[in-house]
Structures are given as C-alpha cells and as structure tokens.
Amino acid sequence: MFKVGDTVRYVDTHSGNSEPSEAMVLEIKEQIKISYHIDDLQTIIWVDSGEIEVSDVFDCTHDAECGWCDGTGDCIYD
C-alpha cells in the first residue's frame, strides 16, 4: 500500500495536535518510518499503517515527489 518516498498525511494524536502534517515515508518494516516537519523541526518516527494516509496534495515540478516544497515548485534542493 505504501512505498518509500510516498507523501502521506499524519496526525500526531499523542501530542494532542489535531492538524494533519504532510510526511514522507522513509522505510517500511512492521511499522512505517516517516519524517515530517512541525514549526521547522524535523521529526522522524515509526507509525502503524492505520495512522497515515496517502496524500496526493503535492505535484513536484521536478518529479521528485518529496513534498517538502509544499507544492510551490520551489525545490528546497535547488
């Protein structure tokens, strides 16, 4: 269902935050390792597949599909 590099939507219910964050799938084992940013701080955690959903919000103009440009096309890697 998920693959490395997918952009997903994650809600950190453990911290009381109800706003979804865009995250990137880094690794898949029994759980899924994701990376996301909140207030310019990167967080990398393992989650269950039921805690995330595929996000198709971002259309990268560089076909990198990492999602970190917030869909602006201004690649942070340029």
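Is glutamate 22 buried, partly exposed or exposed? With a relative accessibility of 22%, glutamate 22 counts as partly exposed; on this scale buried means under 20% relative accessible area, exposed means over 50%, and partly exposed is what lies in between, using a 1.4 Å probe and protein chains only. Before going on, note that this is a predicted model, where local features need pLDDT of at least 70 and side-chain atom pairs count only at pLDDT 80 or more, while totals for chains, interfaces and linings use all residues. Residues are numbered from 1 along each chain as its sequence is written, and side-chain values use heavy atoms, with hydrogens and water left out.

Now to what glutamate 22 does with its side chain. Glutamate 22 pairs with arginine 9 in a salt bridge, with 3.3 Å between the closest N and O atoms. A salt bridge here is a side-chain nitrogen of Lys or Arg within 4 Å of a carboxyl oxygen of Asp or Glu. The two partners come from distant parts of the chain, 13 residues apart: arginine 9 sits in strand 1 (residues 7–10) and glutamate 22 in strand 2 (residues 21–28). Strands are DSSP runs of E, at least two residues long, numbered from the N terminus.

Arginine 9 is partly exposed too, at a relative accessible area of 25%. Arginine 9 also makes a salt bridge with glutamate 53, at 3.5 Å from N to O. Glutamate 53 belongs to strand 5 (residues 52–54) and arginine 9 to strand 1, so this pair ties together parts that are 44 residues apart in sequence. Like the others, glutamate 53 counts as partly exposed, with 44% relative accessibility.

Elsewhere, glutamate 27 and lysine 29 meet in a salt bridge of 3.3 Å, N to O. Glutamate 27 is partly exposed at 25%, whereas lysine 29 is exposed at 59%. Through shared partners, salt bridges join Arg9, Glu22 and Glu53 into one network. The structure holds 5 salt bridges.

What about the greasy side? The largest nonpolar core has 10 residues, among them Phe2, Val8, Tyr10, Ile34 and Ile52. Such a core is a set of buried Ala, Val, Leu, Ile, Met, Phe, Trp, Tyr and Cys residues joined through side-chain atoms within 4.5 Å. Strand 1, strand 2 and strand 3 (32–38) each give two or more residues to this core, and strand 3 has the largest share, with 3 residues.

Valine 8 links both stories. Leaving aside neighbours within four places in sequence, valine 8 is in contact (heavy atoms within 4.5 Å) with residues including Phe2, Ile34 and Ile52, as well as Glu22 and Glu53.

Terms used:
Helices (H or I, at least four residues) and strands (E, at least two) are DSSP runs, numbered from the N terminus.
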